[in-house]
Amino acid sequence: MNYQLLTRRVVVASAMALMAVTTLPAVTLSAGAALGTPPTQGDGTLSSIGKGEGSLNLIAWEGYAQPQWVKPFTQQTGCQVNVKYAGSSSEMVSLMNHGGGHQYDLVSASGDADLRLIYGGDVRPVNMKLVPATKNFHPFLQAPSFNTINGVHYGVSYEFGPNVLLYSKTAYPKAPTSWSVIYNKANKGKVTIPNNPIQIADAALYLSKTTPSLGITDPYELTQTQFNAAVALLKAEHPLIKKYWDLASQEISLFQNGTTTVGAAWPYQTNTLVAAGAKVADTIPSEGATGWADSWLLATNAPHPNCAYKWMNYVSTPLVQAQEALYFGETPANTQACAFMNKLQKGGCAAYHANAPESYFATIKFWKTPLPTCDNGQNNCVNFTQWQQAWTQIVG
Amino acid sequence: MFDQQQREAGAALWRRPWLRAVATLSPPLLWFLVIYLASLVALLITAFFQVDSLTGNIVYQWTGSNFSQLFTQSVYATIIWRTILMAVLVTVTDVIIALPFAFFLAKVASPRTRQWFIALTLLPLWASYLAKVYAWINILSDKGVLPDIERTLGLPVTHLAYSTVAMWLVFSYLWLPFMIMPVYGAFERVPDSLLEASADLGARPWYTLRRVLWPLVFPGVVAGSIFTFSLTLGDFITPLLIGGSNANFIGNAIYDSALNGGNLPFAAALAFVSIAIMAVYLVVARFFGAFEAL
């Protein structure tokens, strides 16, 4: 994987990081003011972890509950793990909304779903004292604004990573350097992108570099004009799309069959395809990438809270963090995972940026819920419902 | 003692036939009313609620906004027409295939051959739906069976996987048995003597087919079309798995708004559309006597 390009950009990005850090409190404040207090803020937490309930129900991304670390967990704790895989953040929110709170214990939600779950009352505070491994997390993941409100933690950070450009090495002997390949008319019928409204942010990120006159600074906080430009770009892209993929496995078979040659993907697809012998690779183009930062959030009515805490502890330990990082192709929150990654795979730590400086964080535009309350202090940004409606129009 | 009570209860039932009817019919009737109709009514009521745009929780306030959105945004008209058009196309395709095949089964084949063919027609219904769709992906995809054959024969290679044509092929394949069986039944109910009488009176085969057979078989065709039409109308898995970039059907829109969008009220409003289309279809089918042929 070609992450070198990105590492070179780290220096430039450090300045951006500084900007991001200084503006962060403002974002939290304005969002907090508009949204009020999360319904479950006052709910009590466990004071100690008791005996496991024998079972644990998870909502997770594909690749987040692999036997290699689930089996030892069950052996150690006696908690039988049942997993419901979800293909998008919105699917996770709706699973948790509709009875999920009584059925599921934990959800591995990304930053764009967290606030929706927290303010929806679907998840409850977590006692971080019971998850001691989080002390070794990257500082920016110890109490990030997407899972910690007013100092109350609603979940444990897990892993993060970039959304990459996946391409066939047969069609592209040299790695594409720009996202423009997925908008290029020459690639008609060869492109695949996720069937997910958050994809509008990818178009906005591309436009922020290619059309500076739009003045896009944050791809999740778009004024109507900026939003319309991103939507227009995606509508123009429609004829080039072979398929809007709903599940990672669909994109894998699209590339395995040679049906598509280029597309937006997670590193998970690349790893799976390469392991299966497909001639593909991925890259982060010069415009940068959107990405995810996932957390395990505790359901308000979790039926197995003790097993849930046992799981949060277990997946925060360096070894499991390393296994997950290598399997999915992402960066662990626990800084001690680096050594284990190198043990499991030569050079694994550096390949997935587990030892990168804090500034690396700022180079990825992490998924977050688009809110009308945006950074510019004018409250004129496009809200998530409009993102969803526009996406329906784009996919048609 | 117990015997005595049983005997009295039996006598009471015997003396009041209506009591017997109530006792036997009420469990299935309750099932129908509570489980089936009540849930349908709940669905339709939900269509008049809304969700909170951020949290996705349902807001219980009456609103017609779901329907106004449905009728004002052109994308939903596109989705609805695309679905209806596909359902019609699949139905017509299955009629064209089923008619000669069912005629052969009912009027030409020997009883032994007939048994075999009927078994073969019904056999795919025992296989998993998903397995069948994935099999088609393997047939049509660029490294699949069909392009392989085309390459071997030196023919131009088709790229059918993930396209509208692929959906049409798969749908027509999946629902074909549902068309063949009622049409076969209709052919079988036509007495051979009618065909002989027609021939005796000087009608040519084509004329007999058009004026004698077709009117008698038509209700069977309409009955089969109810299945092929409604099954296509409600499906979302085939478009999801083998459709291309224009594969948003009513079922997918429902799936997206219910599951991805977390917007159950809007999904309910969309379901309303399917129900309305099917209701119109059933009224028309009844007019053509389809229910007598079922």
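In chain B, helix α4 (residues 74–108) packs against α13(B) at an angle of about 40°, and their axes lie 12 Å apart. Keep in mind that this is a predicted model.

**The α4(B)–α13(B) pair**

- Two packed helices are described by the angle between their axes and the distance between the axes.
- With an angle of about 40°, α4(B) and α13(B) are therefore oblique to each other.
- Their crossing is right-handed.
- Sort the residues of this contact by class and you get eight nonpolar, one polar and no charged.
- On the α4(B) side the contact uses B:Y76, B:I80, B:I84 and B:T91.
- Facing them from α13(B) are B:F266, B:L270, B:V273, B:I277 and B:Y281.

**The second largest pocket**

- The lining runs to 30 residues, and the closest to the pocket's centre are A:Q388, A:T392, B:S257, B:G261 and B:N263.
- Which element gives the most to the lining? That's α14(A), with six residues.
- From chain A, α14 (384–395) supplies at least two lining residues, and so does each of β1 (50–51), α3 (65–72), α12 (250–260) and α13 (264–287) of chain B.
- By class, the lining has 19 polar, eight nonpolar and three charged residues.

Methods:
Residues are numbered from 1 along each chain as its sequence is written. Chains are lettered from A and ligands numbered from 1 in the order in which they are written. This is a predicted model: local features need pLDDT of at least 70, side-chain atom pairs count only at pLDDT 80 or more; totals for chains, interfaces and linings use all residues. Side-chain values use heavy atoms; hydrogens and water are left out. On a 1 Å grid over the protein atoms alone, a cavity is a set of points where a 1.4 Å probe fits but cannot get out, and a pocket is an open set with protein on both sides within 12 Å along at least five of seven lines; lining residues have an atom within 4 Å of a point. Helices (H or I, at least four residues) and strands (E, at least two) are DSSP runs, numbered from the N terminus. Ala, Val, Leu, Ile, Met, Phe, Trp, Tyr, Cys and Pro count as nonpolar, Asp, Glu, Lys and Arg as charged, and the others, Gly among them, as polar. Axes are lines fitted to C-alpha atoms, for helices over the stretch in contact, and angles run from 0 to 180 degrees between N-to-C directions. Angles under 35 degrees count as roughly parallel, over 145 as roughly antiparallel, 65 to 115 as roughly perpendicular and the rest as oblique. A crossing is left-handed if the near helix is turned anticlockwise from the far one by less than a right angle, and right-handed if clockwise. Contact means heavy atoms within 4.5 Å.
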